[in-house]
Amino acid sequence: HAPTANETDSWNSWRMKWLVKTPGLGKNIDNHWRTYGIDKLDEKAEDFQVIKKADGNIKVEIQTVAITNTAAGAFKNYYQYLINGKGEILLNHKVVPVGEMPYFLPKIGLSFTLAPEYNKTEYYGRGPYENYPDRKTGYKIGHYQLAASDYYVPYLIPQEHGNRTDVRWALIENENGIGLKFASDKKFNWSVSEYNPDHLTRAQF
């Protein structure tokens, strides 16, 4: 995610003196991530297989490695897509950190970039306002319908925003009702943003 105000403010840096940081990039926590190259991972495919199953479904298996700029650490990614003829894709995604890692990671997950016309969302989870795992109990679990722009939170410092927790399913679509629906057998976090993390990060400077 784009660094939050707490992660870019040096007031808390005394707690993080033990973190490995690059001189000249500040005392902040996000300097620690940049030192390890978490913001600029280089992901390359190591294996790719397409398997046609007897029931007509297609299974795609992909293995990649995303390397940090220190070359001492990396993330192994295992993707398995099961595609049927009904427009459904079952995805299993496993991430394995290998080697030298930061003390904590900003976020692990998948992001999708869609055309601006896909600006209507619906989800079942906590809301209707932004909430995070460490402060979510004040937000009711329910069925919410929001425009993509409703996820934006105008913080004084541009940063990560718009997360929803304990989501069971979510969809994003255009005016014609065409779009994508996401569902999982486990509760997940979901957010929509009209700004990508790199733009939010650069807007701080």
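Thr4 is found in the segment before α1 of this predicted model, where helices (H or I, at least four residues) and strands (E, at least two) are DSSP runs numbered from the N terminus. Residues are numbered from 1 along each chain as its sequence is written, and side-chain values use heavy atoms, with hydrogens and water left out. Because the model is predicted, local features need pLDDT of at least 70 and side-chain atom pairs count only at pLDDT 80 or more, whereas totals for chains, interfaces and linings use all residues.

- Leaving aside neighbours within four places in sequence, Thr4 is in contact with Gln159 and Glu160, where contact means heavy atoms within 4.5 Å.
- Thr8 is found in helix α1, and at 19% relative accessibility Thr8 counts as buried.
- With neighbours within four places in sequence again set aside, Thr8 is in contact with Pro3, Asn28, Asp30 and Gln204.

**Gln80 in a strand**

- Gln80 has its place in strand β3, residues 73-83, and counts as partly exposed at 30% relative accessibility.
- Not counting residues up to four places away in sequence, Gln80 touches Lys59, Val60, Glu61, Leu90, Leu91 and Asn92.
- Gln80 and Lys94 are 14 residues apart in sequence, and their C-alpha atoms are 8.9 Å apart in space.

**Aromatic pairs**

- The structure holds seven aromatic pairs; rings of Phe, Tyr and Trp (its six-membered ring) pair if their centres lie within 6.5 Å, and planes under 30 degrees apart count as stacked, over 60 as edge-to-face and the rest as tilted.
- One of these pairs joins Trp18 and Tyr103, whose ring centres are 4.6 Å apart and whose planes stand at 70°, so the pair is edge-to-face.
- Trp18 lies in the loop between α1 (5-8) and α2 (29-36), while Tyr103 lies in the loop between β4 (89-99) and β5 (120-127), so this pair ties together parts that are 85 residues apart in sequence.
- Trp18 counts as partly exposed at 48% relative accessibility, whereas Tyr103 counts as exposed at 62%.
- Phe112 and Phe182 form an aromatic pair that is tilted, with 5.2 Å from centre to centre and 50° between the planes.
- Phe112 lies in the loop between β4 and β5 and Phe182 in strand β8 (residues 179-190), so the pair ties together parts that are 70 residues apart in sequence.
- Phe112 is exposed, with a relative accessible area of 51%, whereas Phe182 is partly exposed, with a relative accessible area of 22%.
- Phe112, Phe182 and Trp190 are linked into a cluster by ring pairs.

**A charge over a ring**

- The charged end of Lys181 sits over the ring of Trp169, 4.9 Å from its centre; the term applies if NZ of Lys or CZ of Arg is within 6 Å of the ring centre and within 35 degrees of the ring normal.

**The cavity**

- The structure holds one cavity of 30 Å³ or more, a cavity being a set of points, on a 1 Å grid over the protein atoms alone, where a 1.4 Å probe fits but cannot get out.
- The largest cavity has a volume of about 30 Å³, the volume being the space filled by probe spheres set on the points, which are joined across faces, edges and corners.
- Asn6, Asp9, Asn12, Ser13, Met16, Lys27, Asn28 and Ile29 line the largest cavity, lining residues being those with an atom within 4 Å of a point.

Definitions and conventions: Buried < 20%, exposed > 50% of the residue type's maximum accessible area, 1.4 Å probe, protein only. 1 Å grid on protein atoms, 1.4 Å probe; cavity = no way out; pocket = protein on both sides within 12 Å on 5 of 7 lines; lining within 4 Å.
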